[in-house]
Amino acid sequence: MPKGYNNDVELLRQNEYPHMNNGVYLDHSGTTIYAKSTVDSFASKMITNLYGNPHSENSPAKLSGDVVDQVREKTLNFLGASPQEFDLVFVANATAAIKLVADSFRDLAEKTRDRRFWYGYHKDAHTSIVGVREFTHGQSHCFETDQEVERWLYSPGTSAVNRHNPTGLGLFAYPGQSNMTGRRLPLSWSRKLRQSEHLQNTYTLLDAAALAMTFPMEKVFQDADRAPDFTCLSLYKIFGFPDVGALVVRKESGHILTLRKYFGGGTVSMVATLGENWHRSKGLQAPTYKLHEGLEDGTLPFHSILALGEAIDVHKRLYGSMDRISDHTSYLVARLHRGMIALCHANGQPLVRVYNENKDFENPSRQGSAIAFNVFRADGNYVPYSDVEKSANAAGIYIRSGGVCNPGGIFTSLGYEPWMTERALSAGHHCGSHGISIIHRLPTGIVRASLGAMSTKQDVDTFLNFLLKTFAEGLTTVNAAENKNANREKIFSPSLYYLPPPSASSETLLAEDLPAEYTTGAFSEVREVPRPRPLAYHIRTAPDAVPRTPPVPVRDLVHGIAVVR
Ligand SMILES: Cc1ncc(COP(=O)(O)O)c(C=O)c1O
């Protein structure tokens, strides 16, 4: 059960997130938002110190090198990963971390008998995880359910996973949290895999890009024997800034990455070029060099790493712990879910369909801070997801729609068979919110609303209110513009517009989900209720993506940055 809302966030939003004032930001799964203090303290350090390229030996270079070392350790500590057991490789983003692991496996696989490795991935995986399969010469398998993964872990020799040699070199990857539905997947699989006699040459890659945003990662790293071999992260999704990623490597397994072929400036100790072609990879010279020294090609983003150190300090000061954030976002996502499934048209037709195999939105070990859904008209037909995003954008509510880079999740949730996916392609559909939204009455994507550490109850309630006012049909007794403050009881009368969800009584809904501070004032010009229109086979709509309000004036941000304390 979610423990509760962090009331301090209300004040934090005023003081630390003035740049969030002009709208309701609900795309934290894309990136969360940085605190003003992070930018201030980063700017302060930048203009009071001189930072050089850490590959040099001069003092400014040494300062950068020291910062990188300290922040590496600070980041591991923040994640609850002991620096004795884990190393952290700085990369551009989660995708770069995945690619680094994939490159290593591809290179090593050249030395296996059939010159390829096996790759298994879960259907909830992000596109960046799916892409690794292209290195396997066809020896990959997509697990369609958690149960299929469990069966394979229990009995790898007999499971049909398209693997010629069950004991050969392999990699199994899955997301800790679906970036589409927010569903959290079991964290026990790495341990089970490591304990399997057959799977001793199969390694685990946990994609924690979505999970780490609002989850205490010490639960992943507290015991190195149970932890994934490799864990990829996009740190901007936790802190909002800077835009860097990380690969956390279990030291006992990390040596396998050092067998990759490519080297760049910084990852070799010697290179011969004239007459002979040899080099000495730092990765193979432990303990002289640490694991990360053999994996970080080229100059690190040392200014960004400096900013990361500031971001971690500010984050701790503002929020205390990831547990607190997890409780807060769990509370909010449960509130959003309960509110959404209670919305309906005047004729009783539900307004939204939420996609998730997980029915327990109140349980943070099963559900993260995102919800995937589509909107229905009163006649049961779908509203194009791109229209929902477009209307929300016009109302100053920032959400995401489309395929959200989760092909397996999208097509299983929407009930697509392989031929239908091909038909969508042949009809001219493509990922993103500019594709064809509806083909033969079936959506090709979803709408996603996602919450972060600094989201508030009001963000959630404003969004519910927007859905109701914009898409619910038959509310002819209510003119939304006239009823900004008056007739509130009428607008939110559960008997008219809300149906209690199966698990909650209408009293609970009124007391908990339709609070007094529920307001429509900030978004008075939300769109008219859409009129039913003839259904084309292929409905293509594209948002014009014009924000309702102008962005925060640049001057203000600059002023904020310039305040050096
Ligand atoms: C679960 C998951 N994996 C991978 C990624 C890719 O992250 P990045 O674009 O930072 O490489 C994302 C981004 O949204 C994600 O949510």
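Strands pair, as I use the word here, if DSSP finds at least two bridges between them.

**Ground rules.** I am reading a predicted model, where local features need pLDDT of at least 70, side-chain atom pairs count only at pLDDT 80 or more, and totals for chains, interfaces and linings use all residues. Residues are numbered from 1 along each chain as its sequence is written.

Entry: I looked up the partner of I439 and found H538 in β19 as its bridge partner. I439's strand, β16 (residues 438-439), is joined to β19 by two bridges, and the two run antiparallel. The open sheet here has three strands in the order β17-β16-β19, with antiparallel pairing. β17 (442-443) and β19 (538-539) are the edge strands with a single partner each, so one side of each has no neighbour in the sheet.

**Entry: the whole protein.** I noted 20 helices and 19 strands; these are DSSP runs, H or I of at least four residues for helices and E of at least two for strands, numbered from the N terminus. Of the 565 residues, 47% are buried, meaning that 20 or more other C-beta atoms, placed from the backbone, lie within 10 Å of the residue's own.

**Entry: β3.** Is strand β3 (residues 118-122) buried or exposed? Five of its five residues are buried, so the strand is largely enclosed by the rest of the structure. W118, G120 and H122 point one way, while Y119 and Y121 point the other.

**Entry: the cores.** I next checked the nonpolar cores, which are sets of buried Ala, Val, Leu, Ile, Met, Phe, Trp, Tyr and Cys residues joined through C-beta atoms within 7 Å. The largest has 90 residues, and C232, A246, L247 and I305 touch the most other members. It draws at least three residues from each of domain 1 (42-311) and domain 2 (322-550), with bounds from an automatic or database domain assignment. A separate second core of 45 residues includes V375, V460, L467 and A472.

Terms used: A residue is buried if 20 or more other C-beta atoms lie within 10 Å of its own, exposed if 12 or fewer, and partly exposed in between; C-beta atoms are placed from the backbone.
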